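Please look through the sequence and the 3D view below before reading on. The notes that follow are grouped by topic, and each can be checked against the view.

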Amino acid sequence: MSTTESSPPVGAQDWETVRSSPEFQDLRRRLRSFVFPLTGVFLSWYLLYVLLASYAPSFMAVKVLGNINIGLVFGLLQFVSTFAITAWYVRYADRRLDPLAGKLRDEIEGGSA
Amino acid sequence: MTVLAQGVEGSNPLLNITIFGLFVVITLAIVIRVSRRATSGASDFYTAGGGFSGAQNGVAISGDYLSAASFLGIAGAIALNGYDGFLYSVGFLVAWLVALLLVAELLRNTGKFTMGDVLAFRMRQRPVRAAAATSTLAVSFFYLLAQMAGAGGLVALLLNITDKTQQGIVIAVVGAVMIAYVLIGGMRGTTWVQIIKAVLLIAGAGIMTVWVLGKFGMNLSSVLAGAVERGGQAGEALLSPGKQYGKSEISRIDFISLALALVLGTAGLPHILMRFYTVPTAKEARRSVVWAIWLIGLFYLFTLVLGYGAGALVGPDAIKKAPGAANSAAPLLAFELGGTVLLGIIAAVAFATILAVVAGLTITASASFAHDVYANVIKKGTTAPDDEIKVARITAVVIGIVAILGGILANGQNIAFLVALAFAVAASANLPTILYSLFWKRFNTSGALWSIYGGLAITLVLIIFSPVVSGKPVDPVTGRSPSMLQDVDFGWFPLDNPGLVSIPLSFLLGYLGTVLSKDNANEDKYAEMEVRSLTGAGAEKAVSH
């Protein structure tokens, strides 16, 4: 019942062939060049927020609109950035990742049937 | 004033129980109904045959994730500590980007039922599966215990039951209903319970939010002004960070440590990871996370209004005096707005929340034991699927009973830190191992074992010797130390939250374990894993009915 038994009947050699194919390398590069930098960005952005909340409370307390202060705006911007990154990634994956992944998948599964 | 000392003022226990009973009856009926459609296979019990849509799964994920702690706890924290309560919810939300960008789809493509499937994919099966199951069971156990003990507090709060024995009976009933959900419905039934609960919870919070805003002319700034005014001298401090965490340098570092565990822990929680297998494809897994992010984000925005609204309309003094203190903020606000009936609904939703979360944890832990430990470690992969499911069902009952007993024993204990502990273990033991195995070619069996066992051990040791277990000074108001143990102090680790130390150390251990061992990574299996994880070739398909 281990996972590996559910692999399609493709020999080990074939996985390596697919892996070293230009299409796959392209897919891998597209994924990594998108998600790694973006992860760095949102983690730093979150860390900045946490550090400001911890070490610059008086800055965060400056009111900008009625009782709404910079801290609250900053916090709400974290929500906005999370939603925006989500939407951006979905769009990117739909256009740049899924077609290529689907093509490779069909080749692998079709080729072994 | 005697009423206030017993239960939330205005609470009608009979009404609360009736509404909650109605929820149980309706969900059980649905669970029985959907279970008729089930096939007998392992994949149906563990993952509903991968047959849920992304949208359904996304709602279920938010139902699994939004525990009573995040509803009652965060609203209460905002009401009493203002901005610092809000900081929690930001971390809980941002964390989902890790799941979306790095984990969900690749995990769906390479695994089948459990976290162990992915971690052991290209490693020596038995040791890595045993490690993955150990960590899964540890996280599930801590989380489960926190939920069940919370149920005891909620009983006191909402049903006006103060007798410990009677509370114990209610905890046992909650546990029994949860076991029934899991045994009858498997993952399919559990998922529907989570979906229904998520809809009720988010809708309930949404209605209360609009109601609160309506009382203040739809103006958030006026809600804040109300909270400041009601807060008296301490009122102004509610609006900016620092009321809870800004006291000292240690408390600031502690908060950063907590923030790190929250943001990196979510994508390592086994019961969340398992939900990605209930959809047919990686694309649907992505869609699930997108739905979850929107719903969870929306919900935390509601809690912001509810927290300050409770501060403004109920007032911090009344909240502090009520049983359950901070946890009573949302129920008291419900009573203030909609009287006994709305309080009853919110109380029932809070119970439903506990029920759905514990059911999700139980099925995850039982799947990990049956699939990783029994089928692959003990029986070395030679077991019949029917046997495996039988073991999973027995494990679910055992875990349910342990949860009931643990909940009764821990009732009234200060174990809120267990949720933070679960996140810290998930971020330290699970996430580094998941990321290394998905993205680092050289990563090998010994690296995986070092990061899982090392992360788990470091986190536990740091917690045991931290102020949450012993050594906090006695609070003059209550006469008790806020630590779990009274009158002893064997602590040497200064922080409540170990994440700041344990997470980097676990990443380091995974690296060292890999480069220092003579094990060679299995390159063929890595090629297979990488191709499969990115393309979805050979991924587990949905079972058609």
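In this predicted model, Asp487(B) sits in the loop of chain B that runs between α18 (445-464) and α19 (499-516). Asp487(B) has a positive phi of about 60° although it is not a glycine, and a second residue of chain B, Ala48(B), also has a positive phi without being a glycine, with a value near 55°.

**Two loop residues of chain B**
- Asp487(B) counts as exposed, because 9 other C-beta atoms lie within 10 Å, and the cut-off for an exposed residue is 12 or fewer.
- Ala48(B) is found in the loop that lies between α3 (42-47) and α4 (54-65) of chain B.

**Where chain A meets chain B**
- Across the interface, 50 residues of chain A are in contact with 54 residues of chain B.
- On the side of chain A that touches chain B, the elements giving two or more residues are α1 (12-20), α2 (22-55), α3 (57-60), β2 (68-69) and α4 (70-112) of chain A.
- The largest share of this side of chain A comes from α4(A), which gives 17 residues.
- Sorted by type, the residues on this side of chain A are 30 nonpolar, 14 polar and 6 charged.

**Annotated spans of chain A**
- An unreviewed UniProt entry lists residues 34-56 and 68-90 of chain A under "transmembrane region".
- In the model, residues 34-56 of chain A are 96% helix and 0% strand, with the end C-alpha atoms 32 Å apart.
- For residues 68-90 of chain A, the model gives 91% helix and 9% strand, and the end C-alpha atoms of this span lie 32 Å apart.

**Confidence in the model**
- The model as scored has an ipTM of 0.91 and a pTM of 0.92.
- Chain B has a mean pLDDT of 88, and 96% of its residues reach 70 or more.
- Among the elements of chain B, α19(B) has the highest mean pLDDT, at 96, whereas helix α1 (residues 2-6) of chain B has the lowest, at 38.
- Over residues 1-6 of chain B, pLDDT stays under 50, and for this stretch the model has 6 contacts beyond four places in sequence.
- Where pLDDT is low, the predicted coordinates should not be read in detail.

Methods. Residues numbered from 1 in each chain as written. Chains lettered and ligands numbered in written order. Predicted model: local features only at pLDDT ≥ 70, side-chain atom pairs only at ≥ 80, totals over all residues. Helix = DSSP H or I, 4+ residues; strand = E, 2+ residues; numbered from the N terminus. Buried ≥ 20, exposed ≤ 12 C-beta atoms within 10 Å, placed from the backbone. Contact = placed C-beta atoms within 7 Å. Nonpolar A, V, L, I, M, F, W, Y, C, P; charged D, E, K, R; others polar. pLDDT = per-residue confidence, 0-100. UniProt positions renumbered as here; feature names shortened; annotations may be inferred.
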